[in-house]
Amino acid sequence: MKKLLLLVTHALAAGLGFALGIYALPILIAPPAPTSAEVSAEAGASSYKGQFRRDLKGSDGLHWGEGTVLVNAKRIGLAGELAPGPDYKLYLSPEFVETEADFLRLKPNMVRVGDVKTFKNFLVPVPAAIDPSRYNTVVIWCETFGQFITAAKYR
């Protein structure tokens with residue numbers, strides 16, 4: 001019985017350590033986030049604004065975003081926060097997305113803009129071939145786990 005108890009407790013400790021590592025690693029390796037002043041400077045050049053909200057249907061305690069999203073032809077920025085996680089991608093969608101099912105249904109009509117590597121504020125360059133005025137929603141998606149994080153309608 002003692003060996004079984006040791007096996008179970010060690011397995012739980014290893015599982016908890018692994019889960020904490022998945023959560024903490026993106027935070028530890030994240031580059032420095034843009035300052036609030038850098039994101040605010042982007043606000044003046046923004047053509048569109050939207051809001052990430054924690055209360056979306058597909059968001060939960062581990063997958064959320066909040067703050068103001070700023071969109072122009074050169075950059076997409078966030079003055080706010082995202083729940084930390086690995087492999088976040090920023091997409092533009094022609095329709096508002098609020099759940100994983102919405103994202104998967106609309107993904108063929110979306111365009112991937114780039115990687116989101118910081119969790120408090122971000123600035124993601126928009127490739128010249130992408131025209132944000134052809135879309136109306138910014139979506140953050142975790143590519144590794146296929147998880148919806150958040151979205152904001154900007155037009």
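**Notebook: rings, strands and a surface patch**

The model is predicted, so local features need pLDDT of at least 70 and side-chain atom pairs count only at pLDDT 80 or more, while totals for chains, interfaces and linings use all residues. Residues are numbered from 1 along each chain as its sequence is written, and side-chain values use heavy atoms, with hydrogens and water left out.

**Aromatic pairs**

I then looked up the aromatic pairs and found 4 in the structure. Rings of Phe, Tyr and Trp (its six-membered ring) pair if their centres lie within 6.5 Å; planes under 30 degrees apart count as stacked, over 60 as edge-to-face and the rest as tilted.

Tyr48 and Tyr154 make a tilted pair, 5.3 Å centre to centre with 50° between the planes. This pair links distant parts of the chain, 106 residues apart: Tyr48 is in strand β1 (residues 48-52) and Tyr154 in the segment after β8 (147-153). Helices (H or I, at least four residues) and strands (E, at least two) are DSSP runs, numbered from the N terminus. I checked the cover of both: Tyr48 is partly exposed at 24% relative accessibility, and Tyr154 is buried at 6% relative accessible area. Buried means under 20% relative accessible area, exposed over 50%, and partly exposed in between (1.4 Å probe, protein chains only).

For Tyr88 and Phe119, the ring centres are 5.8 Å apart and the planes are at 85°, so I noted the pair as edge-to-face. Tyr88 lies in strand β4 (residues 88-93) and Phe119 in the loop between β5 (111-116) and β6 (120-125), so the pair ties together parts 31 residues apart in sequence. Tyr88 is buried at 2% relative accessibility, and Phe119 is buried at 11%. I also noted one aromatic cluster formed by Tyr91, Phe103 and Trp141.

**Strand β4**

I went through β4 and found 6 of its 6 residues buried. In a regular strand the side chains alternate between the two faces of the sheet. Tyr88, Leu90 and Leu92 are buried on one side of β4, and Lys89, Tyr91 and Ser93 are buried on the other.

Two strands pair if DSSP finds at least two bridges between them. β4 pairs with β5 in the antiparallel sense over 5 bridges, and Leu92 has Val111 as its bridge partner in β5. β4 also runs antiparallel to strand β7 (residues 137-142), joined by 6 bridges. There Tyr91 stands opposite Val139.

**Strand β3**

I next followed β3 (residues 75-82), which pairs antiparallel with β2 (residues 65-71) over 7 bridges. A hairpin of 3 residues joins β2 to β3, and Val71 stands opposite Ile76 in β3. β3 also pairs antiparallel with β6 over 5 bridges; the partner of Gly77 in β6 is Leu123.

**Exposed positions**

I looked up Ser47, in the loop between α2 (36-44) and β1. Ser47 is exposed at 52% relative accessibility. Its C-alpha atom is separated by 9.4 Å from that of Pro132, 85 residues apart along the chain.

Last, I checked Met1, in the segment before α1 (2-29), and found Met1 exposed with a relative accessible area of 83%.
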